[in-house]
Amino acid sequence: MSKERKIKVLCCKPGLDGHDRGVKVLARALRDAGMEVIYTGIHQTPDDIVNTVIQEDPDAVMLSMLSGSHNAICPIIMDKLKEHGIDDVLVAVGGIIPDEDKTFLESHGLKGFYGPGTDLKTIVDFVKNNLKR
Amino acid sequence: MTEHDKIKQDKEEWENSISLKKERKQSFRNLSEIEINRLYTPNDIKDFNYALDLGFPGQYPFTRGAYPNMYRGQLWTMRQFAGFGNAEQTNKRYKFLINHGNTGLSVAFSLHTIYGIDATDPRALGEIGKEGVAIDSLKDMQTLFDGIDLSKISTSMTINGPASILLALYIVTAEKQGHTPDQLRGTIQNDILKEYIAQKSWIFPPEPSMRIIIDTIEYCAKYVPQWYTISISGYHIREAGSTAVQELAFTLADGFAYVEAALERGLDIDDFAPRLSFFFNSHNNFFEEVCKYRAARRIWARHMKNKYEAKKPESMRLRFHTQTAGVSLAAQEPENNIARVTLQALASVLGGTQSLHTNSFDEALCLPTENAVKIALRTQQIIAYESGVTDTVDPLAGSYYVEWLTNKMEEEAENYFQQIEDLGGVIPAIKANFFQKEIANASYKYQQEIENRERTIVAVNQFEQREPCSVPLLKIDEEIANEQIRKLNKLKEERDNKKVNEKLERLKEAAKGTENLMPFIIDAIREYASIGEIINVLKEIFGAYHEDSIY
């Protein structure tokens with residue numbers, strides 16, 4: 001058996017958006033790919049998410065947003081992580097993210113941006129290849 | 001030899017004599033995982049009894065349609081769901097839709113309105129006006145319907161947790177226009193059970209939520225008799241990843257739960273049942289969708305008559321709105337969605353829908369632009385006026401396949417009703433995460449089948465071209481949110497706050513008891529209490545709901 005530590009991923013739904021089909025499917029796919037997955041459920045505030053990151057120490061945080069609130073909420077999450085000195089966690093955001101918002105989100109340290117129709121394998125590989133630790 | 005034996009024998013001979021091409025797939029299954037045979041014959045519907053299973057349209061068991069001459073008499077209502085930004089912007093979109101032949105309004109609300117929180121609440125950050133129109137108070141509602149005569153149009157409001165409050169806002173807005181509640185026509189979704197099951201925009205726990213819903217049913221039966229008090233919705237169950245059979249079964253099970261709750265309140269079934277309506281999804285598998293609608297009408301009629309002992313035929317008649325499946329829209333080559341939506345819309349028309357929303361092709365990317373909305377509405381008009389499918393009622397009836405599949409879906413739904421009953425009913429089944437797990441399993445399986453290419457989505461997992469998409473997108477101005485917050489703060493300064501507090505206090509007292517809450521909510525609305533303030537008062541008494549985060 002491999003002594004390697006499993007990749008630990010936190011899947012979250014920030015904001016008021018309740019569209020959770022995608023994030024639940026993704027959580028299972030990451031689990032089936034051998035990762036340890038924690039799903040926070042919906043309605044997570046930036047503080048909720050940052051507190052969970054502090055407690056659980058995941059390698060990656062996958063935010064799922066389909067309501068258009070990404071530009072308002074994602075930078076706050078990133079700032080709060082920084083305030084707590086957390087800079088070695090991969091933070092990705094998927095859902096309905098228009099192309100023109102991607103540069104803005106990238107400038108705040110977010111990556112990923114996988115939308116409808118993405119292969120789960122693509123996202124699994126993305127997580128494996130983009131970890132910061 | 002009986003006719004059935006003869007067909008059986010002939011079919012065997014046929015299968016032996018012909019040389020079949022190697023079939024493209026090992027098995028052909030619809031989206032509910034029902035195995036579809038190569039050919040259907042009278043033997044697949046051996047016990048078929050025309051009078052008992054189909055009857056005539058507009059008559060029990062309503063399999064062939066809710067009304068006798070269906071679209072020959074009146075076409076379905078073309079009701080495009082719309083709402084974004086603030087009340088001024090959406091009011092303009094409504095006038096645009098009315099000018100292009102939209103025959104009913106359908107309001108999409110901002111997420112903060114859906115959760116019953118004010119625009120000023122920190123949790124509303126980034127959400128205001130993004131998924132629908134921002135409404136906080138009577139002021140916004142008056143702007144939303146400015147210049148639209150509420151005694152002339154029917155309005156559907158997709159709202160659940162705060163449905164009673166939005167109904168009150170509509171009643172008072174009409175009152176300000178000079179209309180009485182008995183003139184108003186429309187629907188509130190008001191279906192909280194599917195929120196716990198699928199859509200997740202709940203506020204209170206199930207029991208007090210059910211009380212408020214029965215309050216609205218009771219109130220409307222007396223004062224707003226033309227209003228559809230609840231739109232029992234499978235749409236969101238399907239969008240959350242369920243199969244068609246699950247959508248059918250869980251939605252009707254929710255319907256039975258509302259009927260039982262209203263009967264428990266002491267209401268007469270024939271007083272309220274005619275004002276219940278349904279809302280279904282229309283997904284990709286054409287015949288599966290048609291049969292789902294036909295089965296839904298028959299199941300509802302049979303249960304209402306036999307189990308709940310309704311007497312009036314209108315109590316047994318299931319009417320429904322359809323929306324094409326948002327979840328089926330692809331972000332890749334989005335124009336292809338126009339073809340998908342056309343087929344989905346056609347299925348709902350051949351299934352006998354009473355009203356229809358066709359999705360816009362750009363909705364996997366953003367809220368729809370005006371041009372995309374117009375194409376979606378035109379799609380309905382082309383089906384209605386050009387295709388000829390509206391010339392006769394239930395044209396697919398009598399097809400061996402269609403009748404077999406309708407029977408099969410009814411049978412599978414009945415199996416689910418039994419499982420739900422064994423768990424103690426809908427609310428205990430929600431608390432046991434039964435629906436949530438069933439849906440999560442189905443949606444993961446579907447996704448895997450797409451990834452394994454067992455199911456084809458054109459230009460997504462077959463025939464892909466990796467070209468960047470270039471449809472114009474609708475952006476919501478971030479300034480809308482700030483303006484909404486300023487407006488609400490100003491309103492709170494200008495209104496008579498002493499009166500507002502009085503009304504809210506009285507509502508709170510009423511919530512502690514068993515009185516119908518509608519008159520108290522209407523009183524608070526008249527004094528310009530905000531939706532968030534009313535919800536907060538009720539939360540103090542009813543508490544809030546939290547779900548288990550399973551996946």
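Two residues are in contact if their C-beta atoms, placed from the backbone, lie within 7 Å. The structure shown is a predicted model, in which local features need pLDDT of at least 70, side-chain atom pairs count only at pLDDT 80 or more, and totals for chains, interfaces and linings use all residues. Residues are numbered from 1 along each chain as its sequence is written, while chains are lettered from A and ligands numbered from 1 in the order in which they are written.

**View 1. Contact of α9(B) with α11(B).** Helices (H or I, at least four residues) and strands (E, at least two) are DSSP runs, numbered from the N terminus. On α9(B), the residues M210(B), I213(B), I214(B) and I217(B) meet Y258(B), A261(B) and A262(B) of α11(B). This contact has 7 nonpolar residues, no polar and no charged. Nonpolar here covers Ala, Val, Leu, Ile, Met, Phe, Trp, Tyr, Cys and Pro; charged covers Asp, Glu, Lys and Arg; the others, Gly among them, are polar. Helix α9 (residues 206–223) and helix α11 (residues 244–264) of chain B pack at about 75°, with axes 10 Å apart. Axes are lines fitted to C-alpha atoms, for helices over the stretch in contact, and angles run from 0 to 180 degrees between N-to-C directions. The angle makes α9(B) roughly perpendicular to α11(B) (under 35 degrees is roughly parallel, over 145 roughly antiparallel, 65 to 115 roughly perpendicular, the rest oblique).

**View 2. Helices α15 and α16 of chain B.** The axes of α15 (residues 337–350) and α16 (residues 370–385) of chain B come within 10 Å and cross at roughly 45°, which makes α15(B) oblique to α16(B). Contact residues of α15(B) are I338(B), V341(B), T342(B), A345(B), L346(B) and V349(B); those of α16(B) are I375(B), A376(B), T379(B), Q380(B) and I383(B). By class, 8 are nonpolar, 3 polar and none charged.

**View 3. The open sheet of chain B.** Its 5 strands have the order β2-β3-β4-β5-β6, with parallel pairing (strands pair if DSSP finds at least two bridges between them). β2 (81–82) and β6 (227–228) of chain B are at the edges with a single partner strand each, so one side of each has no neighbour in the sheet. Strands β3 (residues 105–107) and β4 (residues 154–157) of chain B run parallel and are joined by 3 bridges. S106(B) stands opposite S156(B) in β4(B).

**View 4. Contact between chains A and B.** Chain B gives 32 residues and chain A 28 residues. On the chain B side, α5 (111–114) and α19 (434–451) give two or more residues. α19(B) gives the most, with 5 residues.
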